[in-house]
Amino acid sequence: PVEVKDALATIQDRLRVQLARDGIDRGIRWTAPDGIHLTLKFLGDTPEDLLPDLGKHLETVLADVGAPRLSLDGLGVFPNPRTPRVIWVGLGGDIAALASLQKRVESEISPLGFPAETRPFSPHLTLARVAEYVGREERERIGAVVQRAHLAEATQFVASTVSLIRSDLLPGGAVYTPLHAATLSSHS
């Protein structure tokens, strides 16, 4: 929802100012707020001819799934604060329903030739990525800033749509193109 994207942009702006104030803002590539999304299943390179069937299959398997109520909940980094590569906002709210939704997508998509993810599901929204050339000391300082930061308020929303999205990596950053959308039911 627009209000969530606005809240994410505000969070990015506050982090950007703090990192610049500390002189550690170089090498951070911020995600455009319109491109911020929650990944339920990363498919990788997918043949074009599979996409229409994949979208219809997704819609069918999610037809009776309720839309989870979520909230923005905390800031963090992957893989850890000493060597951050990704800065993210976590999700709170009905995480059990979200995890169930993710498992359903995973189990329905895997038999179509997309290997199951081995890492545990960690729902987050990527705010920024730290460039490879950023040194160890600077990374530690970035991680410390993110750990000290907090969200001003809990922005709540209903995750009502699951989309099949094409990601094109371009020099200016990733461009996301929705290919198909499945609407989740309003009961949850």
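Start at the second largest pocket, with a volume of about 150 Å³. The model is predicted.

**Stop 1: the pocket lining**

Select Ile11, Arg14, Leu15, Gln18, Leu75, Val145, Arg148, Ala149, His150 and Leu151; these residues line the second largest pocket. Colour by element next. Two elements, α1 (2-21) and α4 (136-148), each give two or more residues to this lining. Helix α1 supplies the largest share, four residues. Now colour by residue class. Six lining residues are nonpolar, two are polar and two are charged. As background, rolling a probe the size of a water molecule over the atoms shows where empty space is left.

**Stop 2: Leu15**

Keep Leu15 from the pocket lining and hide the rest. Leu15 belongs to helix α1. Is Leu15 buried or exposed? Its relative accessible area is 3%, so Leu15 is buried, the cut-off for buried being under 20%. Now show its contacts beyond the neighbours within four places in sequence: Trp30, Leu75, Ile87, Leu127, Val145, Val146 and Ala149. Draw a distance from Leu15 to Val146. Their C-alpha atoms are separated by 7.5 Å, yet the two residues are 131 residues apart along the chain.

**Stop 3: Arg16 over Trp30**

The charged end of Arg16 sits over the ring of Trp30. The distance to the ring centre is 4.8 Å. Trp30 is also among the contacts of Leu15.

**Stop 4**

**Stop 5: an aromatic pair and a cis bond**

How many aromatic pairs does the count give? The count comes to one. Select Phe78 and Trp88 to see this pair. The rings are 5.2 Å apart, centre to centre, with 35° between the planes, and the pair is tilted. Phe78 lies in strand β2 (residues 69-78) and Trp88 in strand β3 (residues 86-93), so the pair ties together parts that are 10 residues apart in sequence. Phe78 counts as partly exposed, at 26% relative accessibility. Trp88 counts as buried, at 17%.

A cis peptide bond joins Phe78 and Pro79, and omega is about 0°. For context, most peptide bonds are trans. Pro79 sits in the loop between β2 and β3.

**Stop 6: Leu70**

Go back along strand β2 to Leu70. Leu70 counts as buried, at 3% relative accessibility. What is Leu70 in contact with, leaving aside its neighbours within four places in sequence? The list includes Leu91, Gly92, Gly93, Asp94, Ile95 and Leu98. Further contacts are Thr155, Gln156, Phe157 and Ala159. Leu70 and His180 are 22 Å apart in space, C-alpha to C-alpha, and 110 residues apart in sequence.

**Stop 7: Ser107**

Finish in helix α3 (residues 95-109), at Ser107. Ser107 is partly exposed, with a relative accessible area of 43%. The C-alpha atoms of Ser107 and Ala144 are 37 Å apart in space, and the two are 37 residues apart in sequence.

How values were computed:
Residues are numbered from 1 along each chain as its sequence is written. This is a predicted model: local features need pLDDT of at least 70, side-chain atom pairs count only at pLDDT 80 or more; totals for chains, interfaces and linings use all residues. Side-chain values use heavy atoms; hydrogens and water are left out. On a 1 Å grid over the protein atoms alone, a cavity is a set of points where a 1.4 Å probe fits but cannot get out, and a pocket is an open set with protein on both sides within 12 Å along at least five of seven lines; lining residues have an atom within 4 Å of a point. Grid points are joined across faces, edges and corners, and a volume is the space filled by probe spheres set on the points. Ala, Val, Leu, Ile, Met, Phe, Trp, Tyr, Cys and Pro count as nonpolar, Asp, Glu, Lys and Arg as charged, and the others, Gly among them, as polar. Rings of Phe, Tyr and Trp (its six-membered ring) pair if their centres lie within 6.5 Å; planes under 30 degrees apart count as stacked, over 60 as edge-to-face and the rest as tilted. Buried means under 20% relative accessible area, exposed over 50%, partly exposed in between (1.4 Å probe, protein chains only). A charge sits over a ring if NZ of Lys or CZ of Arg is within 6 Å of the ring centre and within 35 degrees of the ring normal. Contact means heavy atoms within 4.5 Å.
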